[in-house]
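Hi everyone, thanks for making time this morning. Let me put the sequence and the structure up on the screen, and then I'll walk you through them.

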Amino acid sequence: MRVISGIYKHRRFDVPKSFKARPTTDFAKENLFNVLYNYLDFEGISALDLFAGTGSISIELVSRGCEKVISVEKDRQHFAFIKKVMSEVKTEKCMPVCGDVFKFISRSTEHFDFIFADPPYALTELAKIPDLIFEHNLLNEDGLFVLEHGKDYDFSQHAHFLEHREYGSVNFSFFH
């Protein structure tokens, strides 16, 4: 796993081969952040990384200047890996949470400037995630939510849909 930009640029972290997580490819991640720079100034914002997996997006957000990143990951090994990475770079700006994303969404009272979700593509509740984000008012006004998903999903009719980007087999839908 490689950090693309920011204060930890070029840092690499070896993801254990036993991990089930499918990290966002460097190609897709780099393109995603190029698009995000048109919408966000990462300096000082709060972010939420749902289905954080290896923490690749979380470390990228911290590296680019986010003041606070909450990373929610259910798998204990992945959660421990995220904590290890954040400890290695000596940051307290990322708060990993080991738990169920849907319970976190329903219980959270915080609001975020940026939310990223990378659920397993086969997750049966994947299509409901945008609705849950907005029903629970997790996004600040002028905030941005990005959902990574497979090619079989089309969110273009969603009330908060902004745009769609595709990078190989990786699709991102943007909401505001």
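**The middle of the sheet**

Before going on, a word on what you are looking at. This is a predicted model, in which local features need pLDDT of at least 70 and side-chain atom pairs count only at pLDDT 80 or more, while totals for chains, interfaces and linings use all residues. Residues are numbered from 1 along each chain as its sequence is written, and side-chain values use heavy atoms, with hydrogens and water left out.

Two strands pair if DSSP finds at least two bridges between them.

Strands β1 (residues 46-50) and β2 (residues 68-73) are parallel, with five bridges between them. β1 and β4 are also paired in the parallel sense, over four bridges, and five bridges join β4 to β5, which run parallel.

How many residues of β4 are buried? Five of the six are, so β4 is largely enclosed by the rest of the structure. Here buried means under 20% relative accessible area, exposed means over 50%, and partly exposed is in between, with a 1.4 Å probe and protein chains only.

**The whole sheet and its helices**

Stepping back, the open sheet has seven strands, ordered β3-β2-β1-β4-β5-β7-β6, with mixed pairing. Which strands stand at the edges? They are β3 (94-98) and β6 (161-167); each has a single partner strand, so one side of each is left without a neighbour in the sheet. From one strand to the next, the twist averages 15°.

Two helices to point out. Helix α1 (residues 26-36) lies across β4 (112-117), β5 (139-149), β6 and β7 (170-175), and runs at about 150° to β6. Helix α3 (residues 76-88) lies across β2 and β3, at about 165° to β3. For these angles, axes are lines fitted to C-alpha atoms, for helices over the stretch in contact, and the angles run from 0 to 180 degrees between N-to-C directions.

Next, some loops. Contact here means heavy atoms within 4.5 Å.

Thr54 is in the loop between β1 and α2, and it counts as buried because its relative accessibility is 3%. Leaving aside neighbours within four places in sequence, Thr54 is in contact with Met1, Val15, Phe19, Ala21, Pro23, Phe81 and Ile82. Phe81 is 27 residues away along the chain, yet the two C-alpha atoms are separated by 6.7 Å.

Thr91, in the loop between α3 and β3, also counts as buried, at 13% relative accessibility. With neighbours within four places in sequence left aside, Thr91 is in contact with Tyr8, Val62 and Met86.

Not counting residues up to four places away in sequence, Lys74 touches Cys98, Gly99 and Asp100.

**Pockets**

Last topic. A pocket is an open set of points, on a 1 Å grid over the protein atoms alone, where a 1.4 Å probe fits, with protein on both sides within 12 Å along at least five of seven lines; lining residues have an atom within 4 Å of a point. Grid points are joined across faces, edges and corners, and a volume is the space filled by probe spheres set on the points.

The largest pocket holds about 470 Å³ of space. Its lining has 26 residues, of which Phe51, Gly53, Glu73, Asp118 and Pro120 lie nearest its centre. The elements giving two or more residues to this lining are α2 (56-63), β2 and α4 (101-107).

The second largest pocket has about 160 Å³ of space. Which element gives the most to its lining? That is β5, with six residues. Among the lining residues are Tyr39, Phe134, His160 and His176.
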